[in-house]
Amino acid sequence: MKKTGKRIITGILAASLMLSAVGCQKSANTIVELGDSEAKEEKEDDGPVDPNGPKVTEKEVWQDSLSGPDIESISIDTTMRTDYDLDSLSTYTVQFDEFDKDYIKEMCDTVFDSGEVEVFDFNNPTKKTYDALIGTYKDTLEMYDLVSDTDTDALKFGPDDYNSTGNWEMTQILESDILKREDIEDRISQMEAERDKAPETLDNDYSYMGYTGKIGGQDYYMYFGNKDFDEYLNSPETIQFNGRVITIMRNSLEGAYHGISMAEVIDETDETVADLFQDNGDTVLTARNYIDYGAEEIPAPLDQMDIKDKYIEDAESFLANLGYADYKLTGADNMRWMNDVTLGFLFKTDLPMTPYMLIENDGFILRYTLEFEGTDKLERNDLTLPSYAESDTLDINSYINIMVNDDGVIGCQIYNPTKLVKTDKINEIIDNTAVQDIVKGGADDKSVWNIPAGRDVKNIELKNVKLISFPIRSSDNKEEYTYVPCYLVYSQLNEEAWMGGNYLIPPASYTDCPFLLINGIDGSFVKVEDELTDYPAGWDNGNVGYENYKFGGWPRFER
């Protein structure tokens, strides 16, 4: 029997487990001409801020019906913004460094005090890395004792699979396979025996994934690539469409959590759970905390968060020391704390049990983004660009999540680290009328379209237009790209494609949408396959193609 759960709390288990077109055969213009005042709308939306009134975005309607020899029908029914400040746009040239030995050494020298580091890599364990693993196995043993005494249902279900919606599938454990205390004790004994044989340190040639050293006198580690379920257990899990992720976290979170005790959080009317705390006013669990948040989950606008000025000062000082002062604060979320015995750890180590996962808040996750002035962002619900190429693609976004509370900066995760090389003012950019003419003159040619890999599309609907900054690869330097204003003509993913607005469900449930991307400077059509594939390598490349994430086939989801 399988169940599905996202954040599962046991004890509570029973309740919680839970284009007139030149070159086109025919075209019918069905709307009021662009520029007609009747075709314009004003809406409260993202746009230029009027200090004396609400934000407004000016738009005008574009409707067309096109056809051609390669595509049977193209239906356009959208609005186009008319309030972009086309005279203030720039291009931004950036560098995506390859995660090679030179880059790793550069980061170690930059991040750690005096550049002094030790290898701290769970794929090449030293005694220190075994100590971290053994600590979590001991926490698992403590968790086992707790649920054995208070909630035996926690031993009847365990994580069986991690699916593409971001949920764990829970399987009922056969009576003969129920986890026993000695199973965990045996695992600890095994780890301790391996620790005795492990080296104290490793010679560092900067080819490893993980390193530890001091930042401001405190011990931190730095890890390149996507965190696996059995690595760096006090840091958040990471999900990225490629392996270009850097995690920097304190080695120990002891003393970094300042929230109220679990006893104060638990619903005191639940007698089963309340009994856990009858002899202890503080938390029964001494398991180490770790920070929990979704990599994409920074939803709250800054004006809705009561963030101390000191938090922002600490975060931006930390960023400046890392060399990322160009990134701007764009969002925030509460920093959520849990214990380190997670469903991911239990799945990866094949210990069938369901842990208590009591989520408490203390501090904030601050989102810093490399912003490009004057253009809109390509939002997550717009398109999934990796679907439009056969191989891995560069993630066009770059952002840093800083974890901070009264104890200072706990750590950060850098997604797609990017260096801003230069900014150039644009002298001229095409307008909405030119965009329409370009679409009408070329959209009957199937080769100009971005069509989902492996799909044959004959009928297309276009319902959105926005001006975004899109990276165009350099012909001279494989690590260099220039973000250029481009008009995106597309349809958003169907709402049904997203579960709760956060998790992409399997592809049988939706259709990825063909789209046109037009360079705003020269009017050329831009192809994802041409610009974003074969990007500078991440560490171990994270996953191979977006399909593996959608189907839960990423290697990190395997035991």
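Where is Asn416 found in this structure? Asn416 sits in the loop that runs between strand S17 (408-415) and strand S18 (419-425). Please keep in mind that this is a predicted model. Here are some points to look at in your viewer.

1. Asn416 and its contacts. Asn416 is buried, at a relative accessible area of 0%. Its side chain reaches the backbone oxygen of Asp395 at 2.4 Å. A polar atom of the Asn416 side chain also lies 3.1 Å from the backbone oxygen of Asn397.

2. Strand S15 and its neighbours. Nine of the ten residues of S15 are buried, so the strand counts as mostly covered. On one hand, S15 pairs with strand S14 (residues 328-339) in the antiparallel sense, over eight bridges. On the other, S15 pairs with S16, also in the antiparallel sense, over six bridges. For orientation, Gly331 stands opposite Arg367 in S15, and Thr369 stands opposite Tyr399 in S16.

3. Charges over rings. A second case is Arg81, which lies over the face of Tyr84 at 4.3 Å from the ring centre.

4. The structure holds 16 aromatic pairs. One of them joins Tyr220 and Phe318, with 6.3 Å centre to centre and 40° between the planes, and is tilted. This pair links distant parts of the chain, with Tyr220 in strand S11 (residues 218-224) and Phe318 in helix H7 (residues 309-322), 98 residues apart. Is Tyr220 buried or exposed? Tyr220 is buried, with a relative accessible area of 4%, and Phe318 is buried as well, at 10%.

5. An edge-to-face pair. Tyr388 and Phe515 form an edge-to-face aromatic pair, with 4.9 Å centre to centre and 80° between the planes. Here too the pair links distant parts of the chain, 127 residues apart. Tyr388 belongs to the loop between strand S15 (360-369) and strand S16 (399-405), while Phe515 belongs to the loop between strand S23 (503-504) and strand S24 (516-519). Tyr388 is buried at 4% relative accessible area, and Phe515 is buried at 1%.

6. A ring cluster. Ring pairs also link Phe99, Tyr103, Tyr206, Tyr211 and Phe224 into a cluster.

7. A search of the whole structure finds 22 salt bridges. In one of them the side chains of Lys440 and Asp64 meet at 3.7 Å, N to O. Because Lys440 lies in helix H9 (residues 432-442) and Asp64 in strand S4 (residues 57-67), the pair ties together parts that are 376 residues apart in sequence. Lys440 counts as buried at 7% relative accessibility, and Asp64 does at 3%.

8. Partly exposed salt bridges. Asp205 forms a salt bridge with Lys101, with the closest N and O atoms 3.8 Å apart. Asp205 lies in the loop between helix H4 (181-197) and strand S10 (210-215) and Lys101 in helix H2 (residues 101-111), so this pair ties together parts 104 residues apart in sequence. Asp205 is partly exposed at 38% relative accessible area, and Lys101 is partly exposed at 44%. Lys377 and Glu371 also meet through their side chains in a salt bridge, at 3.5 Å, N to O. Lys377 is partly exposed at 37% and Glu371 is partly exposed at 30%. Finally, salt bridges with shared partners join Arg81, Asp83 and Asp376 into one network.

Note on methods:
Residues numbered from 1 in each chain as written. Predicted model: local features only at pLDDT ≥ 70, side-chain atom pairs only at ≥ 80, totals over all residues. Heavy atoms only, no water. Helix = DSSP H or I, 4+ residues; strand = E, 2+ residues; numbered from the N terminus. Buried < 20%, exposed > 50% of the residue type's maximum accessible area, 1.4 Å probe, protein only. Polar contact = N/O pair within 3.5 Å; in protein donor to acceptor, adjacent residues only side chain to side chain. Phe/Tyr/Trp six-rings, centres within 6.5 Å; stacked < 30°, edge-to-face > 60°. Lys NZ or Arg CZ within 6 Å of the ring centre and 35° of its normal. Pairing = 2+ DSSP bridges. Salt bridge = Lys/Arg side-chain N within 4 Å of Asp/Glu carboxyl O.
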